[in-house]
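Let's take a walk through this model together.

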Amino acid sequence: MQTEILTRETMSSSTTPSNEDQLEAKSFLIRYIQAFAVCVAYTLGSGVLGLPLDVYQCGFYPFVTVFSIIFLAEIICIHYFAEILQIGDVALQEACSESVENSHDEITSNKIDILPNLHNLGTLFLPKWLVVLSHVSIFGSLIFNLVSYGLAGSEAIGQLSFINYRQLIPAFIWALSFVAVFAYSIIQQIISILTFGKALVFVITTVVSIILGIKINRPYQTSWAAMNHPILMGSVALGGIPLLMPMLYENFRGYGMKTVKRFKYSLYAGLFFCFILNILWTWSVLVVVPQLDPTCHYHNKTSHGSAVISSTTAASVTTTSAHTKQCNPAYSLEAAKLNGVISTIPFTEMVKLKDPSLLWVSDLIQSFIVVSITVAFLTNAAALYHSTSGVVNSILSWRSHNKSSELQPLHRENSRLSFIDILWHQVAGLLSLGLVFIIAVFQPKGFMKILEQGAATCVSFYCGPILFAMYYQSQQPRFRHLSIPLPTPAIFRPLVVILPIYYTGIIIYMIIVSTQVGNLST
C-alpha cells in the first residue's frame, strides 16, 4: 500500500480543519489555560522563595540583567523541545503502526495509543549510555525540587502553626504524594484550580509587598561584580519546563499547526508571568529586608565561599561575636541564606518590626507560601510519577516481550493497562517519592544547597547537552520524512547550539562554586 509522504515544511503550511474544529468543540481554550496554569504551578515554586536570598550581594539591577538572560534561554529551550516532542510523537506512532501491521491483531490495534514521555523520547533519540544520564538528570531534577518544596512547605506551615517544621515534614510530603499518585487522572484539573487561587493570592501579596516596599524604601546596595551569584537559583526559578511538557502535550497531540503554536504560546505566557512576578517579589524583599548582616562574617565565609568585604565588618565582629542571636535568619537576607531558610521568614519579621499594624500581610504571605508550595509539589510529583511510569512500562514491556505495550497511556479512556500494571506504577511512584522524604529528613536545613547544587545541575544538564543531542538526532535522515505540524525553519535550526553552550557554562560555574566552598570548609 502506497502512502503519501509530506515534508515537514509542507506539513507546516497545511492544516487539519476537522481536527481544529473538533478541538474548538471541546473547549480548546480551557486546555490552553490549563497548560498556562500548570506551567505557572511548576515554575512559581521554591525559586521565588530562594531567589531573593541570592541577590543580597549583587543587588537589584544586576539580578534583573542575569534573570533576563535566563528567561531568554528558557524560551529557546521550550521552542526546540516542542519540536522534539512533535517528531517523537509521530515517530512513535509510526513504530506502533508497523508493529500492528506485523502482528495482524485487530484487538492490539484498538488498544495501543502511543504517548510520548521523557523515557521513550530518550530511548528514541539517544544512545543507551546517554539515556542513563538523561534519566539521572530527569529524576534528579524532580526529586531535588520536591525535597526543597517539602522543606519550604513544612517551614511555612510551621511558622503559621508555631510547630517545629521538622515534625511536619513527614505529614506534608506523604499527604501530597498520595494525592499525586492516586489522583493522577485528575491532577491537572486540581492543579489548574489551585493555581488560579495561588496566582491571585501571589499577585495580591506582591502588590501589598510593593506598596510596603515603597513605604519602607530601604536603600539597597548594588555590585555588578557579584552579578554571577543569582545564576544558579535563577536557573531553578525559571528552568525545567521541558520536564513537564510531555505530560501537557497529551492534550494537544494529533492537531494542526495552530494548536501546537498556541500550546507553545501558553507555555511562553506562563514563563513570562513567573518572570515578572519573580522580579517584583525580589525587589519588594530587597527594599524591606537588610541585605547584609555583619554578625554572619564571624566565620569569614559566605555561601559562595568568598568573603564579603565591608569596612564595618571587622569592627562589628568583635562586638557581636558573643551575641546569642548571631547571624539570625529573621533579620537579613544573608543570614537567611546561610541558615537555609526561605525568604519570606526575614520579610515577615521585618514587616512586624516596621509596622505591627500590618501583621495581616505576614499571614497573607504565609498563606500564599502554603498554597504555592502545595501546588508546586503536586505538579512536580505528577511529573515524577509520569516519568516513573514510563520506566515501569518499559520494564513490563521487556518482561512480556511486547515492546508496543510500553507505549500505552496512563489513565486514558482507551487504556488497557491491567490492575497489576497500574499497581506497579503506583508502587514505583511511591518509592520514588519515598526517596524525596528520606533526603528531606536528613537535610532539613539544605533548602538553598539542594536547589543551587542539585536541582540547578540536573535541569541544566537535561536542557543543555541532553536536549541538544536529542534535537540533533531528530534532524537525521531516518526522521526527516516525518511530517510535523510546527517545524523550526531551517535558517533557525543552528541556533540550538546556544543551549549546550549556555547550560554547560552553568554546570561549570556550579562546579567551581562547589569546589571553592569545599576548599574553605576543609
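Residues are numbered from 1 along each chain as its sequence is written, and side-chain values use heavy atoms, with hydrogens and water left out.

The predictor's confidence in each residue is given by pLDDT, which runs from 0 to 100. The chain has a mean pLDDT of 75, and 78% of its residues reach 70 or more. Helix H13 (residues 257–286) has the highest confidence, at a mean of 89, and helix H14 (residues 313–320) the lowest, at 34. Over residues 1–17 the pLDDT is below 50, and beyond near neighbours in sequence this stretch has 26 contacts in the model, a contact being heavy atoms within 4.5 Å. Residues 402–415 also stay under 50 in pLDDT, and the model has 42 contacts for them beyond four places in sequence. Where pLDDT is low, the predicted coordinates should not be read in detail.

Now for the overall make-up. The chain has 21 helices and zero strands; helices (H or I, at least four residues) and strands (E, at least two) are DSSP runs, numbered from the N terminus. Of its 522 residues, 57% are buried, where buried means under 20% relative accessible area, exposed over 50%, and partly exposed in between, with a 1.4 Å probe and protein chains only. Among contacts between residues at least 6 apart in sequence, 87% join residues at least 24 apart.

Which residues have the most contacts inside the largest nonpolar core? They are Phe67, Phe81, Met245, Phe347 and Met470, in a core of 143 residues. Such a core is a set of buried Ala, Val, Leu, Ile, Met, Phe, Trp, Tyr and Cys residues joined through side-chain atoms within 4.5 Å. Helix H5 (residues 60–103) gives this core its largest share, 18 residues. Leaving aside neighbours within four places in sequence, Phe67 is in contact with residues including Leu51, Phe275 and Ile279, as well as Gly234, Ala237 and Leu238. Helix H11 (residues 231–238) is mostly covered, with seven of its eight residues buried. Just after H11, Gly240 takes a positive phi of about 95°.

Ala456 lies in helix H19 (residues 447–474) and counts as buried because its relative accessibility is 1%. Ser141, in helix H8 (residues 128–161), is buried because its relative accessible area is 1%. Not counting residues up to four places away in sequence, Ser141 touches Leu243, Ala455, Cys458 and Val459.

Is Asp293 buried or exposed? Asp293, found in the loop between H13 and H14, is buried because its relative accessible area is 11%. Not counting residues up to four places away in sequence, Asp293 touches Cys327, Asn328, Ser332, Glu334 and Ala335.

How values were computed. Predicted model: local features only at pLDDT ≥ 70, side-chain atom pairs only at ≥ 80, totals over all residues.
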